[in-house]
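Please read these notes with the model open beside you.

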Amino acid sequence: MKMGNYSAVTEFFLVGLSQYPELQHFLFVLCLIMYKIILLGNSLLIIISILDPRLHTPMYFFLGNLSFLDICYTSSSIPSVLIIFMSERISISFLSCTLQMFFTLGLGSTECVLLAVMAYDRYVAICNPLRYPIIMNKVLYMHLAVWSWAIGCMNSLVQTVMTMVLPFCGNNVIDHLTCEILALLKLVCSDISMNVLIMTVASVVLLVIPLLLIFVSYIFILSSILKINSAEGRKKAFSTCSAHLTVVILFYGSALFMYTKPKSKNTKVSDEIIGLSYGVITPMLNPIIYSLRNKEVKEAVKKILNRYLHLTKV
């Protein structure tokens, strides 16, 4: 392809959903409220899991990682989205766009792996309860968490570098709310077949395979739950698993829709709305459906509040 003489792109303009100006103020207020809930809910979960020794278990360790991940993920994109909703279009430097792509893609990839790790944790806890402390020891769950982050960051690094070194030939208007990799690839004026191949492989490794592992894990989990004689035991086990499954369906459903079609020619409005769903709604719901209804977390909150009230009286 003949590229001609084009100046290097030094900044991009994000114009996602700009064709719906009547929704701008409504979306701004909605996302701002959700963002505050995300910061408050996930920060509270992290603090509680650190302060209460009863929550020093693999399950809450992974939940703490998930909460920290959600805070970082939303903070890497939502502030710029809020600015877009209050202006006709926003410019972002080449470096800032690159960093935003790296963090959002890396954190999203990490969550895919982390959800599969959490499913394995539930599988061991329910299917092998007597051996759970031995199998899911501190060394193992620490390594699982570290590798989740490492895999996500490595995937993001490779795809971000391979995208941003390509020529954009002066095209710098991104029809999206963030510097999302699919939207950036549409601006490239050279062959992107290698990028498409890498993205397809990454989609299989980070979306399809973890989802299959989660599915298999829950087949065994459901079988074990049905064998529990105590109705209370079955209810408790099912409650824990249903919370995880809810997040899995919401997150993987939207992610599969977005990232298993790299050859899309136009960024659809539905893509941006679904992107918001796992970029804002899922992190907001995670602390609620995972832990804030959990008896152990409620007791930990009461304990911390009572301690704080006691100190204030003194």
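**Notes on strands and helix packing**

1. Strand E1 (residues 11-14) pairs with E2 in the antiparallel sense, and the pairing runs over four bridges. Within this pair, Phe-12 stands opposite Ile-92 in E2. Keep in mind that the model is predicted.

2. Strand E2 covers residues 90-93 and has two faces. Ile-90 and Ile-92 lie on the covered face, while Ser-91 and Ser-93 lie on the uncovered one. Ile-92 is also the residue that stands opposite Phe-12.

3. Now to the helices. A pair of packed helices is described by two values, the angle between the axes and the distance between the axes. Both are given for each pair below.

4. Helix H6 (residues 138-164) packs against helix H8 (residues 193-226) at an angle of about 165°, and their axes are 10 Å apart. Angles over 145 degrees count as roughly antiparallel, so H6 is roughly antiparallel to H8. The crossing of H6 and H8 is left-handed. On the H6 side, the contact is made by Ile-151, Asn-155, Val-158, Gln-159, Met-162 and Thr-163. On the H8 side, the residues are Met-194, Asn-195, Ile-198, Met-199, Ala-202 and Leu-206. Sorted by type, the residues of the contact of H6 with H8 are eight nonpolar, four polar and no charged.

5. Helix H4 (residues 94-127) also meets H6: their axes come within 7 Å and cross at roughly 145°. H4 passes H6 in a right-handed crossing. The contact of H4 with H6 holds 15 nonpolar and 11 polar residues, and no charged ones.

6. How are H4 and H8 placed relative to each other, roughly parallel or roughly antiparallel? Their axes come within 9 Å and cross at roughly 20°. Angles under 35 degrees count as roughly parallel, and H4 and H8 are therefore roughly parallel to each other. Their crossing is left-handed.

7. The residues of H4 that make the contact with H8 include Ser-109, Cys-112, Val-113, Arg-122 and Tyr-123. From H8, Leu-206, Leu-207, Pro-210, Ser-217 and Tyr-218 are among them. The residues of the contact of H4 with H8 divide into 16 nonpolar, three polar and one charged.

Key: Residues are numbered from 1 along each chain as its sequence is written. This is a predicted model: local features need pLDDT of at least 70, side-chain atom pairs count only at pLDDT 80 or more; totals for chains, interfaces and linings use all residues. Side-chain values use heavy atoms; hydrogens and water are left out. Buried means under 20% relative accessible area, exposed over 50%, partly exposed in between (1.4 Å probe, protein chains only). Two strands pair if DSSP finds at least two bridges between them. Axes are lines fitted to C-alpha atoms, for helices over the stretch in contact, and angles run from 0 to 180 degrees between N-to-C directions. Angles under 35 degrees count as roughly parallel, over 145 as roughly antiparallel, 65 to 115 as roughly perpendicular and the rest as oblique. A crossing is left-handed if the near helix is turned anticlockwise from the far one by less than a right angle, and right-handed if clockwise. Contact means heavy atoms within 4.5 Å. Ala, Val, Leu, Ile, Met, Phe, Trp, Tyr, Cys and Pro count as nonpolar, Asp, Glu, Lys and Arg as charged, and the others, Gly among them, as polar.
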